[in-house]
Amino acid sequence: MTAPLLEIEDLAVRFDTEDGPVEAVDGLGLRLAPGEILGLVGESGSGKSVTAYAVLGLVRPPGRVLRGSIRFEGRDLLALPEAELRRVRGAGIGMVWQSPRTALNPVLTVGHQIARLLRHHRGLPPRAARERAVEMLRLVGIPEPERRARQYAHQLSGGMCQRVMIAMALATQPRLLLADEPTTGLDVLVAARIMELLKDLGRRTGAAILLITHDLGTVAESCDRVAVMHAGQLVETAPVRTLFRDPVHPYTRALVAAIPRVDREVALEPIPGAVPSLLHAPPGCRYAARCALATGRCRQERPALLPIAPDHQVACFAAEPVA
Amino acid sequence: MGFGGFLLRRLALTVPTLFGVTVVGFLLAYMLPGNPALVKAGPFATPDFVAEVERQMGLDQPLPVQYLRYLGALLQGDLGLSSSTGRPVLADFAQRLPATLELTLAALLIAIGIGVPLGVLSAIHRDTLLDHAGRVLSVAGVAMPSFWTGLLLIYVFFYLLDLAPAPLGRLAPGLQPPAAVTGLYVVDSALAGDWPALRSALQHLALPAATLGIAVMAPVARMVRATMLETLQSDFVKAAWGAGLPPRRVIYGDALRNALIPVVTILGVVFGFLMAGNAVVESVFAWPGIGNYAVTSLMTKDAGPIQSFVLFVALMYVVVNLAVDLLYGLIDPRIRLG
C-alpha cells in the first residue's frame, strides 16, 4: 500500500459553548491515498465540516483541537507553525466551500481572486497569473472565460460560482482537495455536472479528494471509499461498493435504506431521532439512543473501530465476532 | 452606463428637499423671538421709525408674501443683507466658508485617521484591553459635548501646558494670511512656502479640529469595529484564510475593503454633524467661520444669515449624500448606478 497522503489519527475537536463543552469530533481517524476520492458522509451536525476546518488549521475559538494528529505528506499539520501552515493551505490543500457565492469576495473580480493565489503561492508575475486564471476558468468549463474573469460573484449563477470556486481551489495544483458539500443549493443537473467536473479534474491533476456530503447518491457515483460519521465519531469505513452492498453498522444500514430507489418499490425508512446533543454525550455508543439493536453494553461502553474485512472497519458491538 | 441619467435623477430629487429646507429656514427665522426691525432701527428709534423700517423690510406683508419674496430673491442668488455687518450675506458667507471648510476637513481627517484604525484593531483584538480602551475612548468622545471638550483642551494645552496658542482665530496676530488659492490657510501657506504662517495655521487649527474630530471619531470607530467583526466572520474571509493568504492581506484586502462600505454611509451623517457642531466649536475658539457667523447672527436676531446657514447646511447634506451614493458605486460593484 502506498504511503497515505493524508492521515488523521484520533482527532478530537471541542467547542466551548455557554452550556458546556461539545466534542464536535471525537477520536476520528481517516486515511486518504494519493489520487483517492473519499466520501465523508453523515447528517448535519455530525462533524464533517469541522473535520475539514481542522485539516486546514482553521478551527478558531471557541473551538480548539483537543488531541490527535493530522499528517499531510508526512508532516503533522497540527504541529506546524502558522506561517508554514499557510504555505500548505491553498498550495498543498485546496478547499471548495459550501456556499460558493458567499465564499467569493464580493468586491474583487473572480479572475483577480484566482490570480492572487497564483501570485502568492506560485510566485507568478501579475500578467502570467491573470492569463493562468483565465485558463483555469476555461478548464472548469466556464464559457467566455476572459469576460467572466473580469466579473464579480454577484454577476454569476450559482453553478458558475461553484465552478469558479473549483478553479480557485485547483489553480495552485494542490495534492488534496477538500470539497465541503460542493453541490448544495445547485439544481440536480448542475450538481451532477459539478461532480463530474470534480472527478475528472481530480483524475487529471492527480489530486486526492475528500468529499464531504450528506448525499449518499453523490458518494455512490463519485467515491472510491466512504467514511460514515455520526455525532462526531466514525462508525464505518469501507470501499464504496462494499458499503452499499453490505453495510454493517446499523446507522449505515439506515442511511443506505433511506436512499430512494426507482427500481425497487420499497417504503423509505426514516432514521428515528436526530443526531444526539453532544453537550452531555453518553459514555457509550452515540448511536445507541437511535439504534434498534442497542443493548445495555452499547449504552455503557464505546465500541472501537475494528476491521471486519480488509479495508472495512466498523464500530459496533453487534458486528464484532462473538468471542 | 446610464451614469448621466442617474446623476440627473438624483439631482432632481434634491429639489423638493431643498425647497422644504427653505420653508423651514424661513419659518425658523420668522419665529425667532424679537423684532428684527427693532434691532435694525436701534434702541432709541421711535415707534414710527420702527414701523417705517418694518415696511422697508417687507415685514408688514402677510407671511406667504414674505416667503415668496424671500424665495424669489434666493433664486437670484440674493441671500439678503446682514443687518449686523451691513453686507450681503453671500459675501459674508464666501469670506467665512474657507475657515469652516478647513476646520471640517481637518476634523474629518482626524476622525477617519484615528477612527478607522481604532475600529480595525478593536475588531481584531476583540474583548482585549485594547478593545475596552477603544470603547472607553469612543464613549467619552460621544458623551462629552463639544464646547466642553474644547474648553478642556484649551485649559490643558493652552493654560496649563502652554503648547497651543490662544484660541483666537486662525493665525497668530501680526501674521499676514497667505495668498488665497483654496482659502485653507494650511494649504495656501504651504503652497506659498510661507513657513511661519503654516506653522501658526497648524497650531491654531489643532485644538478646534481635535475637538470636533474626537466627537465624530467615536461613531466611525464603533461602526468600523462592528462591520469589521461581521466581515471577519464571513465566508469569503474564512475562504481567504483557507487559501493561505497572509493575515495582512486577508484583514486589509478582504475584510476591511468590505467593512468600509457601510462606513462610507455614516461619513455622510458625520459630515452633517460636523457642520452643525462647527457652530459651537467655532464660537469657543473664535474661529471666523460660518458657524460662528450664524451664532452671532442668532444673538442679534439677524434673519438673513440664519436662514442662509440652515439652507447651506442642508445643501451640504444633500451634496455629501449624493457624493456618498456615487462613491458607493465605485467601491461596491454590486451597486449598479443607472
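Which residues in the largest nonpolar core touch the most other members? The model is a predicted one, and its largest nonpolar core holds 167 residues. Those that touch the most other members are Ile114(A), Ala133(A), Ala167(A), Leu176(A), Leu178(A), Leu210(A) and Val220(B).

- Leaving aside residues up to four places away in sequence, Ile114(A) touches Ala133(A), Met136(A), Ala167(A), Met168(A) and Ala171(A).
- In soluble globular proteins, nonpolar side chains tend to be buried together.

**Chain B as a whole**
- Chain B has 13 helices and 0 strands.
- Read from the N terminus, its order of elements is α-α-α-α-α-α-α-α-α-α-α-α-α.
- The C-alpha trace of chain B spans about 85 × 55 × 40 Å along its principal axes.
- Of the 338 residues in chain B, 38% are buried.
- When contacts in chain B between residues at least 6 apart in sequence are considered, 71% of them join residues at least 24 apart.

**A hairpin in chain A**
- In chain A, strand β11 (residues 306-309) pairs with strand β12 (residues 312-314) in the antiparallel sense, over 3 bridges.
- Within this pairing, Pro307(A) stands opposite Gln313(A) of β12(A).
- The hairpin of β11(A) and β12(A) has 2 residues between the strands, and Asp311(A) in this hairpin takes a positive phi near 65°.

Terms used:
Residues are numbered from 1 along each chain as its sequence is written. Chains are lettered from A and ligands numbered from 1 in the order in which they are written. This is a predicted model: local features need pLDDT of at least 70, side-chain atom pairs count only at pLDDT 80 or more; totals for chains, interfaces and linings use all residues. A nonpolar core is a set of buried Ala, Val, Leu, Ile, Met, Phe, Trp, Tyr and Cys residues joined through C-beta atoms within 7 Å. A residue is buried if 20 or more other C-beta atoms lie within 10 Å of its own, exposed if 12 or fewer, and partly exposed in between; C-beta atoms are placed from the backbone. Two residues are in contact if their C-beta atoms, placed from the backbone, lie within 7 Å. Helices (H or I, at least four residues) and strands (E, at least two) are DSSP runs, numbered from the N terminus. Two strands pair if DSSP finds at least two bridges between them.
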